[in-house]
Amino acid sequence: MRKIRHVIEAQQWDRPGLEELFSLTRVMRDSIKHRYPKSRQHAHCLEGYLMASLFYEPSTRTRFSHEAAMIRLGGRVLSTENAEQFSSVSKGETLEDTIRMASSYADVIVLRHKEQGAAARAAAVSRVPVINAGDGAGQHPTQALLDVFTIEDELGGIDDRIIAFVGDLAYGRTVRSLAYLLGKFRPTKLLFVAHEVVRMRPDIKEYLDRHNIPWEELDNLELAARCADVLYVTRIQKERFGDRISEYEEVFGRYIINAELLAMMKEKSIIMHPLPRVNEITTGVDSDPRAAYFRQAENGQYIRMALLHNILNQDCH
Amino acid sequence: MRKIRHVIEAQQWDRPGLEELFSLTRVMRDSIKHRYPKSRQHAHCLEGYLMASLFYEPSTRTRFSHEAAMIRLGGRVLSTENAEQFSSVSKGETLEDTIRMASSYADVIVLRHKEQGAAARAAAVSRVPVINAGDGAGQHPTQALLDVFTIEDELGGIDDRIIAFVGDLAYGRTVRSLAYLLGKFRPTKLLFVAHEVVRMRPDIKEYLDRHNIPWEELDNLELAARCADVLYVTRIQKERFGDRISEYEEVFGRYIINAELLAMMKEKSIIMHPLPRVNEITTGVDSDPRAAYFRQAENGQYIRMALLHNILNQDCH
Amino acid sequence: MRKIRHVIEAQQWDRPGLEELFSLTRVMRDSIKHRYPKSRQHAHCLEGYLMASLFYEPSTRTRFSHEAAMIRLGGRVLSTENAEQFSSVSKGETLEDTIRMASSYADVIVLRHKEQGAAARAAAVSRVPVINAGDGAGQHPTQALLDVFTIEDELGGIDDRIIAFVGDLAYGRTVRSLAYLLGKFRPTKLLFVAHEVVRMRPDIKEYLDRHNIPWEELDNLELAARCADVLYVTRIQKERFGDRISEYEEVFGRYIINAELLAMMKEKSIIMHPLPRVNEITTGVDSDPRAAYFRQAENGQYIRMALLHNILNQDCH
C-alpha cells in the first residue's frame with residue numbers, strides 16, 4: 001500500500017489509493033467487531049506511538065473518533081479540547097510555532113482549526129505527519145473518506161449511483177470534500193437540493209464538469225428522494241441567512257427528512273448525515289434500515305485506524 | 001457475582017448485591033495498596049477496553065476517580081471535561097445522539113449531566129453500559145455506594161447505627177441516593193439536621209417509612225452529634241435561599257463542625273462529607289481519626305474499580 | 001543518583017545534583033531519538049504509574065511536555081487543562097483539599113497555579129510527589145532546569161560564559177528561576193537588558209552578589225548581542241506598562257531579535273526563548289543554527305523524563 005505522509009485534502013487520493021484504504025479499513029473494522037473474546041491482533045500495532053490532538057475549536061465527535069482509533073491500535077494520546085482558549089494562542093503564538101512544539105513531543109498531530117489552509121501550513125513546518133480534522137471553510141478529508149467508504153460499503157459501490165445532497169451546500173466543508181472525492185468515481189448524477197442562499201459553489205461545479213460528472217440543481221426534495229440512491233443531508237445554519245430570517249424558516253421547514261419522505265425513497269437507498277443533526281432528520285427515521293448515519297459515524301473510527309496504521313507505517317496485519 | 005449492566009440509581013442494589021460489591025471493592029483496594037513493589041495482579045484486567053468520560057458539567061474529582069479506576073485496571077480513557085461547552089450540544093445535538101456516537105467508540109460510558117433522568121435516557125439508547133456520575137437533582141449512585149461502603153468499612157456495619165445528615169438535605173442528590181441505600185439495611189435511626197429551606201423531602205421520608213427505618217428531624221446539631229455514629233455533612237448553597245440571605249447566614253453559621261463539636265461526639269463515630277467542603281468542617285478537625293472524609297474520597301476509586309470490573313465482566317481475580 | 005521527593009524551586013539543586021540530572025537527561029534523549037526501530041528500553045519503565053496534571057491556568061506546552069514524558073516512560077495520565085474553571089475550585093474548595101484528593105488517586109502530581117507558593121503548599125499536604133509547573137510570579141523550576149541543560153548541551157558548559165537576559169526580567173518567573181540556577185555555576189557575567197519598568201529585581205541581584213556572580217544592567221541590546229554567548233529572550237507583556245503605553249511601544253520596538261542583530265552575534269553563541277514568542281524574535285532568525293529555542297523546547301520532554309524517572313525511583317536503565 002502506498003505510504004501517506006500528511007492527510008490534508010480529499011484530492012490527495014486517486015481511485016486505487018481509495019480502494020487500498022477501504023480494504024484496510026475493513027480489516028480494521030473486523031479487528032474491532034470480532035475482538036471479543038480477545039482476538040485483538042492489532043491491539044499493539046502502534047504501541048509506543050503518541051498522537052497530539054490539537055483542537056482549536058471543540059468537536060468531541062471528531063476528537064473521540066481519532067483518539068479511539070489511536071488507542072484501539074495501542075497508541076496513546078495528548079489532548080487539548082479547546083486550544084484557542086487554553087493555549088499559547090491566547091498569548092499570540094502562531095500556529096506554526098505551536099505545531100513545531102507539538103511535533104517535538106508527538107509522532108502524529110491531529111489538527112482542527114478555524115482557518116482555511118491551517119492544515120497545509122501546519123504540515124509545512126511539522127516534523128511529524130499532520131491529519132486535517134477540519135480547517136474552517138476548507139476541508140475535512142477524513143470525513144469525506146468515511147463518507148465514500150460508507151456509500152461503497154452500504155451499496156456495494158459508487159459508480160452508477162445517484163447521490164443527492166440536501167441542506168447547506170455552500171458552507172459545509174463536509175459536502176465540499178465529499179464532492180471532490182466522488183469526482184474520482186463514475187456516479188450517474190449528483191443532485192444538489194438547496195435554497196439559493198446555501199447553494200453549491202461554482203468551484204465544485206466546475207470541478208465536476210472537468211471530471212464529466214453530471215450534476216443538477218433542484219428545489220424539490222421529494223423529487224430527489226424518489227430517485228436517489230444516497231440522500232446526504234446536512235444541517236442548515238440559521239446564521240448563514242443573516243436578516244433573511246423568514247427565508248430561513250421557510251427553507252428549514254421544507255427540507256426535513258421524515259417518515260413521509262422516507263416512504264418515497266427506493267428500498268435499497270440510504271440516508272447519510274455527518275452529524276450532529278438538529279431537526280433535519282426526525283428521530284422516527286432512525287429505526288429504518290435505510291438510516292445509515294449512525295453506521296457512517298461508526299465507520300469514522302475504522303477509516304482513521306486505517307489512516308494511522310498507514311501513516312505510522314506499521315507492518316502488523 | 002451477579003452481572004450489572006448499567007449503573008443508574010442506588011435502588012438497583014439489594015443487600016446481598018451490595019455485600020458482593022463491597023467484597024470485590026476490598027479486593028480492589030488491596031491490589032492498589034499493596035501494589036508496590038509490583039504485586040499488580042489486576043493491572044491488565046481491562047486491557048483493550050475503552051471508557052468515554054462525558055462530563056456535561058465539570059467535576060474533576062468524580063472524573064478523576066472514574067478514570068483512575070479504569071486506568072488502574074489496564075483500561076484507557078477518552079475524556080471531555082466540559083461537554084456542554086465543547087461538544088455538539090452547543091450545535092443542538094440531543095443527548096441521545098451524543099450517546100449513540102460515544103457508544104460506537106467506547107466500551108463503557110461515564111455520564112455526568114445537569115438534567116435529572118439523563119442517565120436513564122442514555123442507557124436506553126446506548127450500545128454499551130452507562131454509569132451515572134450524577135444527573136442534576138437526580139442521583140449519584142456511585143457516590144452513595146462508596147458512602148455505604150465507607151460506613152461499613154469504618155464501623156463494621158450499617159445495622160444498629162445512628163446516622164445523622166447535616167446541611168442541604170433537599171437538593172443534595174448525594175444525600176438522597178444514600179438514603180435510598182440505607183433503606184436496604186437496619187440502621188437504628190436516621191437524623192435529619194437541616195434548616196426548613198433545605199429540609200429532607202417527603203418522597204425520601206415516605207420511602208423510609210415503607211422500609212420501617214425510623215427517622216427524626218431536629219434543629220440541634222449538638223444533640224445529633226452526641227448520639228450519632230455517623231455525621232454525614234453536606235455543603236449548604238447560598239443560592240438555595242434566594243433573597244432570604246439573613247436566614248442563610250444564620251443557618252450557615254449554626255451548622256459548622258469544629259473542634260468543640262467534635263469533643264461531643266462518641267469515640268467510635270465518624271464524620272463524612274462528599275466533598276468539596278467549604279467552611280462547614282473546619283480544617284482543625286482533619287487530623288482527628290474520626291474525620292473519615294478523605295478516606296471516603298479514596299474509597300471512590302476502589303468502588304469504581306469494582307463496578308467497572310463487574311460491568312466489563314472480566315474474570316481476572 | 002540522589003533521590004528527589006518534590007520539585008518545588010530551582011534552589012533545590014546543587015551543582016553535582018544538576019550534573020547527575022543532566023546525565024540522566026541525555027540517556028532519556030537517546031532512548032527517544034534512537035527509538036526507531038524499537039530500541040525502547042525505557043518504554044515500560046513507569047508502567048502502572050499514574051500522573052495527575054492539575055493546570056489551574058492553561059499551558060498546553062508545559063502540560064504536553066510533562067504528559068509526553070510520563071507516557072514515553074510507560075506511565076499514564078489524568079488531565080485537567082483548566083482546573084480553575086472546571087473543578088471544585090469554583091465551588092470554593094481549597095488547593096489543599098484538591099491536592100489531598102488527587103494524591104489519593106495518582107502517584108505524582110504536576111501542578112500549575114496562579115499563586116506564588118502554591119506548589120509548596122501542595123507538597124505540604126500531598127501523599128505523593130508534587131512537580132511545580134509554574135506558580136504565579138514564583139518559580140518554574142523544570143523550565144530553569146531545561147534552560148541550564150540546553151546551555152550546557154549547546155555550548156559545552158556554563159562556566160566562563162556571558163549570558164544576556166533580554167525582555168521582561170521583573171515578572172518572568174522563568175528568568176528568575178534560571179538566575180537562581182546559574183548561581184551554582186561560574187559564568188563570566190550576566191547581562192540584564194531591560195526597560196526600567198521590567199528590570200531585574202533586587203532579590204536576584206543580591207543573590208548573585210552573595211554567590212560572586214558578576215552582573216551588569218545595560219540598555220543597549222546590540223552591545224549585549226556582540227559579547228554574549230547566550231541571548232535569553234523573553235516576551236514583554238503590554239499590561240506591565242499600565243497606562244505608559246508609549247513607553248511600552250518604544251521599548252518593545254527596541255528589543256527585537258532580527259537578522260541584523262544576529263549578524264552582530266558571535267559564531268558560537270545561541271539564542272534562547274522559553275516560548276511562546278510573539279514578535280520579539282523574527283521568524284527569519286529561525287533557520288540560523290544559533291536559534292536554539294526549538295531545541296530548548298524539545299529538551300523539556302527529556303528533562304521531565306529524567307525527573308519522573310528519578311522521583312518514581314525506577315531502576316530500569
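Two strands pair if DSSP finds at least two bridges between them. Helices (H or I, at least four residues) and strands (E, at least two) are DSSP runs, numbered from the N terminus. The model is predicted, so local features need pLDDT of at least 70 and side-chain atom pairs count only at pLDDT 80 or more, while totals for chains, interfaces and linings use all residues. Residues are numbered from 1 along each chain as its sequence is written, chains are lettered from A and ligands numbered from 1 in the order in which they are written, and side-chain values use heavy atoms, with hydrogens and water left out.

Start with chain A. Five strands form an open sheet there, in the order 7-6-5-8-9, and the pairing is parallel. Its edges are strand 7 (215-218) and strand 9 (270-272) of chain A, each pairing on one side only. Neighbouring strands of this sheet are turned by 20° against each other on average, direction ignored. Angles run from 0 to 180 degrees between N-to-C directions, and axes are lines fitted to C-alpha atoms, for helices over the stretch in contact.

Look inside this sheet. Strand 5 (residues 162-166) and strand 6 (residues 189-193) of chain A run parallel and are joined by five bridges. Phe165(A) stands opposite Phe192(A) of strand 6 of chain A. Helix 6 (residues 141-155) of chain A lies across strand 5, strand 8 (230-233) and strand 9 of chain A, and runs at about 170° to strand 9 of chain A.

Now move to chain B. An open sheet of four strands has the order 2-1-3-4, again with parallel pairing. Strand 2 (76-80) and strand 4 (130-135) of chain B stand at the edges with a single partner strand each, so one side of each has no neighbour in the sheet. The twist averages 15° from one strand to the next. Strand 1 (residues 50-55) of chain B runs parallel to strand 2 of chain B, with five bridges between them. Ala52(B) stands opposite Leu78(B) in strand 2 of chain B. Helix 2 (residues 60-72) of chain B packs on the sheet and touches strand 1, strand 2, strand 3 (108-113) and strand 4 of chain B (contact means heavy atoms within 4.5 Å). The direction of helix 2 of chain B makes about 180° with that of strand 1 of chain B. Helix 4 (residues 95-105) of chain B touches strand 1, strand 2 and strand 3 of chain B, at about 150° to the direction of strand 3 of chain B.

Helices also pack on each other. Helix 1 (residues 15-33) and helix 12 (residues 293-311) of chain B pack at an angle of about 115°, with their axes 8 Å apart. They are therefore roughly perpendicular (65 to 115 degrees). Residues in this contact include Leu21(B) and Phe22(B) of helix 1 of chain B and Tyr302(B) and Ile303(B) of helix 12 of chain B. The contact residues divide into 10 nonpolar, four polar and three charged. Here Ala, Val, Leu, Ile, Met, Phe, Trp, Tyr, Cys and Pro count as nonpolar, Asp, Glu, Lys and Arg as charged, and the others, Gly among them, as polar.

Most residues other than glycine have a negative phi, and most peptide bonds are trans. Asn212(A) has a positive phi of about 55°. A cis peptide bond joins Leu275(B) and Pro276(B), with omega about 0°. Pro276(B) sits in the loop between strand 9 (270-272) and helix 12 of chain B.

Finally, the copies. A rotation of 120° with 0.0 Å of shift along its axis superposes chain B on chain C, with RMSD 0.0 Å. Superposition is by least squares on the C-alpha atoms of residues with pLDDT of at least 70 in both copies. The two copies are thus related as by a three-fold rotation axis.

How values were computed
Angles under 35 degrees count as roughly parallel, over 145 as roughly antiparallel, 65 to 115 as roughly perpendicular and the rest as oblique.
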